[in-house]
Amino acid sequence: MGLRKNMAEALELPKEIMLNLPLITLVGREEITIENYKGILEYGAEAVRIGTAAGTLQMKGRNLCLKQLSAECVVVTGQIEELRFLT
């Protein structure tokens with residue numbers, strides 16, 4: 001991954017594309033968009049786990065809901081209280 005990272009930096013290309021990493025956008029505490037994800041591992045009103053090349057992203061909160069789901073991205077809404085990558 002070191003060579004790809006150096007190439008991405010040298011050519012000023014988006015790292016999420018070159019390194020197959022997720023692009024995560026958080027809007028306040030109410031909405032999160034994860035692009036370049038691998039799959040949904042857990043889905044419930046209080047917890048969502050998303051598989052990514054960087055590891056499993058875990059969200060905890062209240063009233064979590066999948067607002068959008070496509071091959072490119074997933075959007076989760078609700079009251080997001082905790083985000084973390086699991087090892």
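**Threonines, fold and surface**

Author: At 8% relative accessibility, threonine 52 counts as buried; buried means under 20% relative accessible area, exposed over 50%, partly exposed in between (1.4 Å probe, protein chains only). The model is predicted: local features need pLDDT of at least 70, side-chain atom pairs count only at pLDDT 80 or more, and totals for chains, interfaces and linings use all residues. Residues are numbered from 1 along each chain as its sequence is written, and side-chain values use heavy atoms, with hydrogens and water left out.

Reader: Which residues does threonine 52 touch, not counting those up to four places away in sequence?

Author: Threonine 52 sits in strand β4, residues 47-52. Strands (E, at least two residues) and helices (H or I, at least four) are DSSP runs, numbered from the N terminus. A contact means heavy atoms within 4.5 Å. With that sequence limit, the partners are Pro22, Ile34, Lys38 and Phe85.

Reader: How far is the backbone oxygen of glycine 55 from a polar atom of the threonine 52 side chain?

Author: A polar contact is a pair of N or O atoms within 3.5 Å; within protein, one must be able to donate a hydrogen and the other to accept it, and residues adjacent in sequence count only if both atoms are side-chain atoms. The backbone nitrogen of alanine 54 lies 3.1 Å from a polar atom of the threonine 52 side chain. For the backbone oxygen of glycine 55, the distance is 2.6 Å.

Reader: Is threonine 56 buried or exposed?

Author: Threonine 56 lies in strand β5. It touches residues including Leu41, Arg49 and Phe85. Because its relative accessibility is 19%, threonine 56 counts as buried.

Reader: In what order do the elements of the protein run?

Author: The protein has two helices and six strands. From the N terminus on, the order is α-α-β-β-β-β-β-β.

Reader: Which residues form a nonpolar patch on the surface?

Author: Like charges are joined within 9 Å, nonpolar side chains (Val, Leu, Ile, Met, Phe, Trp, Tyr) within 5 Å. The patch here has about 280 Å² of accessible area together, by the Shrake-Rupley method with a 1.4 Å probe; for residues, only the protein chains shown count as cover. Its members are Ile40, Tyr43 and Leu69.

Reader: What is the relative accessible area of leucine 69?

Author: Leucine 69 lies in strand β5, residues 55-69. Leucine 69 is exposed, at 52%.

Terms used:
Patch = residues over 30% accessible without salt bridge, like charges linked within 9 Å, V, L, I, M, F, W, Y side chains within 5 Å. Salt bridge = Lys/Arg side-chain N within 4 Å of Asp/Glu carboxyl O.
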